[in-house]
Amino acid sequence: PLVRSMEVIERPDVRYQDIGGLDQQIQELREVVEFPLKKPELFKELGIVPPKGVLLYGPPGTGKTMLAKAVAAESNAAFIHVVASEFAQKFVGEGARVVRDVFELARKKAPSIIFIDEIDAIGAKRVDLGTSGEREVQRTLMQLLAEIDGFQPLNNVKIIAATNRIDILDPALLRPGRFDRLIEIPLPNLEGRKQILKIYISKMKTSEDVNINELAMITEGFSGADLKNLCTEAGYVAIRNNEGTIRMTHFREALERLKAKKISKEVIDR
Ligand code: ATP
């Protein structure tokens, strides 16, 4: 079946080393996803039951999707990417059918990781189920819970979900045996921003005066995605100035532009 809301990547090309500032989160994901996928017999022997589902939560652009892809790559697992907001289908029963198809595909491709982005789109607490659209979303969630409940913790399919809005999730999703491992993915701190900047700057042709420590200090509040943008934008500034290397002033100019954009976006979002 052709399902527009689902993408399968056999082996994503993201590695742990491409991710900055999330060492502890990577370690935790390795223990609860990678090792059980690679060595289920070890867990059986020791009598340890790993979680079936892991929920990554935190602000946008902090690397949740990247992390899920990297775990799949490092576990030699297929990566099945679904965006929950696209489950909400136009036809009755379709969302639930997509969920069934996703799990069937995951079993066929196993070992595999199902990544459900924006899980709040189907997993938010609902106060009333007045409209048919809301009932449809509810049915989709029920099907997801049934699929999760229906498989064993040690079979070779794992589910990773992501959200920016853990506060609105239906507690049914977080019950034991479902998404019972929560991993916070926060905005990077100073050290994290340094690591992320290093990753991107090492791939660019920059002059010696580019000071990563200083850049990290003046980018408080920036996500990984923002920092990557900053690097790209600095490159554009250099190109615009007809220069063959990217200098600190280019980063400064780029930063001014991005800060202006960020502020106007925050105003619009408000
Ligand atoms: P969203 O909630 O908006 O889906 P997300 O947390 O899933 O965001 P990603 O899609 O993983 O964020 O990040 C967007 C891009 O930003 C990544 O493709 C990567 O280029 C960059 N990025 C984000 N976080 C990091 C990080 N910790 N290290 C390196 N790059 C990062």
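Guide: A residue counts as near a molecule if one of its heavy atoms lies within 4 Å of that molecule. The structure discussed here is a predicted model.

Visitor: How many residues surround the ligand?

Guide: The residues closest to the ligand are Gly 20, Gly 61, Lys 64, Thr 65 and Tyr 200. By class, the shell divides into seven nonpolar, seven polar and four charged residues.

Visitor: Which space does the ligand take?

Guide: A molecule is assigned to a pocket if more than half of its atoms lie within 2 Å of the grid points of that pocket. By this test, the space taken by the ligand is the largest pocket.

Visitor: What is the volume of the largest pocket, and which residues are the closest to its centre?

Guide: The space in the largest pocket amounts to about 500 Å³. Its lining consists of 24 residues, and those closest to the centre are Gly 61, Thr 62, Gly 63, Lys 64 and Met 66.

Visitor: Which element supplies the largest share of the lining of the largest pocket?

Guide: At least two lining residues come from each of α3 (64–74), α7 (190–201) and α9 (224–240). The shell around the ligand likewise takes at least two residues from each of α3, α7 and α9. In the lining of the largest pocket, the largest share, four residues, comes from α3.

Visitor: How much of the area that the ligand exposes when taken alone does the protein bury?

Guide: Among the polar backbone atoms by the ligand, one of Gly 61 is 2.9 Å from a ligand oxygen, and one of Met 66 is 3.0 Å from a ligand oxygen. A backbone N or O atom of Gly 20 lies 3.0 Å from a ligand nitrogen. Taken alone, the ligand exposes 620 Å², and the share of this area buried by the protein is 79%.

Visitor: Which element gives the largest share of the lining of the second largest pocket?

Guide: The second largest pocket has a volume of about 400 Å³. Its lining comprises 14 residues, with Ser 223, Asp 226, Lys 262, Lys 265 and Glu 266 nearest the centre. Two or more lining residues are given by α9 and by α10 (248–269). The largest share, six residues, belongs to α10.

Visitor: How many charged residues are in the lining of the second largest pocket?

Guide: For reference, the lining of the largest pocket has 12 nonpolar, seven polar and five charged residues. In the second largest pocket, the lining has five nonpolar and three polar residues, and its charged residues number six.

Visitor: Is the peptide bond from Ala 110 to Pro 111 cis or trans?

Guide: Pro 111 is placed in the loop between α4 (94–109) and β4 (112–117). The bond from Ala 110 to Pro 111 has omega near 0 degrees, and its form is cis.

Visitor: What is the phi of Glu 118?

Guide: Glu 118 lies in the loop between β4 and α5 (120–123). Although Glu 118 is not a glycine, its phi is positive, at about 55 degrees.

Notes
Residues numbered from 1 in each chain as written. Predicted model: local features only at pLDDT ≥ 70, side-chain atom pairs only at ≥ 80, totals over all residues. Heavy atoms only, no water. 1 Å grid on protein atoms, 1.4 Å probe; cavity = no way out; pocket = protein on both sides within 12 Å on 5 of 7 lines; lining within 4 Å. Points joined across faces, edges and corners; volume = space filled by probe spheres on them. Nonpolar A, V, L, I, M, F, W, Y, C, P; charged D, E, K, R; others polar. Polar contact = N/O pair within 3.5 Å; in protein donor to acceptor, adjacent residues only side chain to side chain. Areas by Shrake-Rupley, 256 points an atom, 1.4 Å probe, with all protein chains shown as cover.
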